[in-house]
Amino acid sequence: MKSQATTTNTLIQVVSVLGFLAVWEAVSRTNMVSPLIPPPSSILSAFRREQADGIWSANVAATAGHYVWGVLIGTVAGIALGYAAALSPVVEACQEGVARLLRPIPPLAWVPFAIIWFGISELAAAFIIAIGAFWVNYFSAYSGVQAIDRRLFEMCATFGQGGWWARVIKVVIPGSAPSVLAGIRSGLGIGWFAVLAAELFGIPGIGQRMQEASGMLATDVVLLYMATIALCYTACDAAMVLVSRRMLQWLA
Amino acid sequence: MARVNMLPQLPVVVELFDISLGYGRRAEPILTDVSFSVREGQFLVIVGPSGVGKSSLLRVVSGLVKPQKGDVYVQPQTRRESRSLGFVFQDPLLLPWRRVLTNVELGLEGLIASRAERRDRALEALSLVGLESHAGKWPNALSGGERQRVGIARALAVQPSLLLMDEPFGALDPGTREALQDELLGIWEKTRTSVMFITHDMNEATYLGDRVIVLGGKPATIVHDILVDEPRPRLRTRPAEGDFAGFLYKTFSSKR
C-alpha cells in the first residue's frame with residue numbers, strides 16, 4: 001500500500017516537471033512575450049557552447065571548491081562549538097551574548113570584510129559560505145544536545161557509563177544526531193545560496209560567469225548556470241537525505 | 001506473617017543506617033530514620049504512597065543522591081565481570097539508537113573486554129526474559145512490555161548482587177503487568193538475585209515480596225516491616241491476601 005502511494009507520488013512529480021518544461025518551452029517559442037526567457041531547450045545549446053572551451057567545467061570546479069571548503073569549515077566549527085556550549089556551562093554562558101549579537105547578521109553582510117581580509121580570493125568565498133553554514137549547525141548541535149532526555153545520563157551512570165567520555169560517545173552524539181543531521185542538511189542549502197552571492201562580487205566561479213553573461217545579455221548562459229546550481233543543490237540534498245535515513249534507522 | 005528478626009542470617013547485600021532524605025541539604029526531610037538491610041536472595045518490597053521518597057531511597061543506594069544524614073553499605077562485588085547493582089526503571093530508559101542486543105550490553109562495556117563475550121552474556125540475559133529473537137530490533141519497534149523486559153535483561157546482564165527495581169511495572173496494562181510479575185518471580189527463583197522492589201501497589205507488594213517494608217507518615221519513616229511467608233506460587237485473589245492488602249491500606253491512611 002505504502003509503496004504504491006510512493007510510486008504514484010513520484011509519477012505525479014515527474015509528470016508535473018515535464019508539464020512545467022513543456023509549458024515554458026511553448027510560451028517562449030510563441031514569442032508572445034518577448035524577450036521573456038529563453039526556452040529550456042536552449043540550455044543544451046548554451047551548454048555545448050560554454051563547454052567547447054571548457055568554461056563550464058572550470059567554473060563548476062571553482063564554485064565546488066569554494067563550496068566544499070566553506071561548508072566543511074562552517075559545519076565542523078558550528079557543530080564543535082554547539083557541542084561545547086551544550087556540554088560546558090562556562091562556554092554556554094560565554095556564547096549566549098555573543099551568539100545573540102552575531103547571529104542576526106546575514107552572511108553576505110560580511111562580504112566587504114571578507115574582501116578586505118582575504119582579497120578577491122577563494123578564501124573570501126569560503127569564508128562567506130562558512131559563516132552561512134556555521135550558525136545553523138551551531139544551533140542544531142546545541143539544541144540537539146539540550147533535547148536529550150536527561151534521565152538517560154543517570155541511567156548510563158547506574159550502568160557504569162557515567163564518565164565524561166562515555167556520556168559523549170554513548171548518549172550525546174547519537175542522541176543529538178537527528179538534529180545535527182537536519183542542521184547539516186540546511187547548511188548545505190544555505191551554502192549554495194551563499195556561494196553564488198559571494199561570486200557575484202567577483203570571485204571567479206559560476207556566480208561571476210553569470211554576471212558576465214547577463215552583461216552580454218546571454219540569457220541562455222545565465223539559464224544554464226541557474227540549472228547547474230539547481231542540479232548541484234538537488235544532488236547534495238538527496239545524498240544528505242539518504243545518509244540521514246541510513247544513520248537514523250532507529251527513529252522509524 | 002512474622003517479624004523480620006526471624007530471618008535466617010544470610011550475608012547482607014545492602015544496608016541502610018538511619019537515612020534521612022530531603023530535597024536540598026537544609027530542607028525539611030521527607031524521609032527520616034530509615035534503617036534496614038537486604039540479605040542475600042531476599043525479595044524485599046518497599047511500598048508507600050507516591051511522593052514519600054521511595055525512588056530517592058534507590059538513588060541513595062546507587063550513590064546518585066547523597067542523604068542528608070545516614071550511611072549506606074553496599075556489599076563489594078566479589079565475582080569478576082559483574083556489578084554490585086542492576087537497575088530497572090519505571091520508564092525502561094532504553095537508548096533508542098541502539099538495537100535491543102547492544103542496549104543489554106550497555107552495563108558490560110568497560111567490564112568485559114571481549115565483544116563476543118559481551119554478546120553472549122547479553123543474549124543469555126535476553127533469553128531469561130524470552131526476547132532472544134528480538135535482539136536485532138530497535139526499541140521503537142517493541143511494545144511497552146517488551147521494552148520493560150529488555151530493561152530487566154539489561155540489569156540482569158551485569159549479574160548484580162542486588163536488583164533495584166523502581167516501580168518497573170507501574171506503566172504497564174494489567175495483563176502485561178501480571179505476566180511480567182510472574183516472569184520476574186521465575187527469574188528470581190532461577191538466579192537467586194536479591195531484589196529491592198519499589199511500588200505503591202499493595203497487591204503487587206504482597207504478591208511478590210518475601211518481606212514488605214511500608215513507608216508512611218510525615219516525614220515518612222518505616223511504619224511496618226513484615227515478613228510474608230506465604231508459599232509460592234501465591235494466588236492473586238483470595239480472602240487472606242485481600243485482608244492483608246486492606247490492613248496495609250488502613251495503616252497507610254491512618255498514618256498520613
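Modeller: Let's start where two helices cross: the axes of helix 2 (residues 42–52) and helix 10 (residues 219–247) of chain A come within 8 Å, at a crossing angle of roughly 95°. Keep in mind that this is a predicted model, where local features need pLDDT of at least 70 and side-chain atom pairs pLDDT 80 or more, while totals for chains, interfaces and linings use all residues. Residues are numbered from 1 along each chain as its sequence is written, and chains are lettered from A and ligands numbered from 1 in the order in which they are written.

Colleague: What makes helix 2 of chain A roughly perpendicular to helix 10 of chain A?

Modeller: The axes are lines fitted to C-alpha atoms, for helices over the stretch in contact, and angles run from 0 to 180 degrees between N-to-C directions. Under 35 degrees counts as roughly parallel, over 145 as roughly antiparallel, 65 to 115 as roughly perpendicular, and the rest as oblique. The crossing is at roughly 95°, so helix 2 of chain A is roughly perpendicular to helix 10 of chain A.

Colleague: Which residues of helix 2 and helix 10 of chain A meet there?

Modeller: From helix 2 of chain A you have Ser42(A), Ile43(A), Ala46(A), Phe47(A) and Glu50(A); they meet Asp220(A), Val221(A), Leu223(A), Leu224(A) and Ala227(A) of helix 10 of chain A. Contact here means C-beta atoms, placed from the backbone, within 7 Å. By class, the residues of this contact are seven nonpolar, one polar and two charged. Nonpolar covers Ala, Val, Leu, Ile, Met, Phe, Trp, Tyr, Cys and Pro; charged covers Asp, Glu, Lys and Arg; the others, Gly among them, are polar.

Colleague: How many helices and strands does chain A have?

Modeller: Chain A has ten helices and zero strands, whereas chain B has seven helices and nine strands. Both kinds are DSSP runs numbered from the N terminus: helices are H or I with at least four residues, strands are E with at least two.

Colleague: How does the radius of gyration of chain A sit against that of a compact globule?

Modeller: For 252 residues, a compact globule would be near 18 Å, but chain A has 23 Å. The radius is taken over C-alpha atoms, and the globule rule is 2.2 Å times the number of residues to the power 0.38. Along the principal axes, the C-alpha atoms of chain A fill a box of roughly 75 × 60 × 30 Å.

Colleague: Why is Asp18(B) called exposed?

Modeller: Asp18(B) has 12 other C-beta atoms within 10 Å, so it is exposed. This residue lies in strand 1 (residues 12–21) of chain B, and its phi is positive, about 50°, although it is not a glycine.

Colleague: And what makes Asp33(B) partly exposed?

Modeller: With 15 other C-beta atoms within 10 Å, Asp33(B) falls in the in-between class, so partly exposed is the label. Asp33(B) is in strand 2 (residues 31–39) of chain B and also has a positive phi of about 50°.

Colleague: Why does Glu183(B) count as partly exposed?

Modeller: Glu183(B), in helix 5 (residues 174–191) of chain B, has 16 C-beta neighbours inside 10 Å, so it counts as partly exposed. The C-alpha atoms of Glu183(B) and Val129(B) are 7.2 Å apart, though the two are 54 residues apart along the chain.

Colleague: Which residues touch the most other members of the largest nonpolar core?

Modeller: Ile128(A), Ile129(A) and Ala153(B) do, in a core of 107 residues. Its largest share, 16 residues, comes from helix 6 (residues 122–146) of chain A. Such a core is a set of buried Ala, Val, Leu, Ile, Met, Phe, Trp, Tyr and Cys residues joined through C-beta atoms within 7 Å.

Notes. Two residues are in contact if their C-beta atoms, placed from the backbone, lie within 7 Å. A residue is buried if 20 or more other C-beta atoms lie within 10 Å of its own, exposed if 12 or fewer, and partly exposed in between; C-beta atoms are placed from the backbone.
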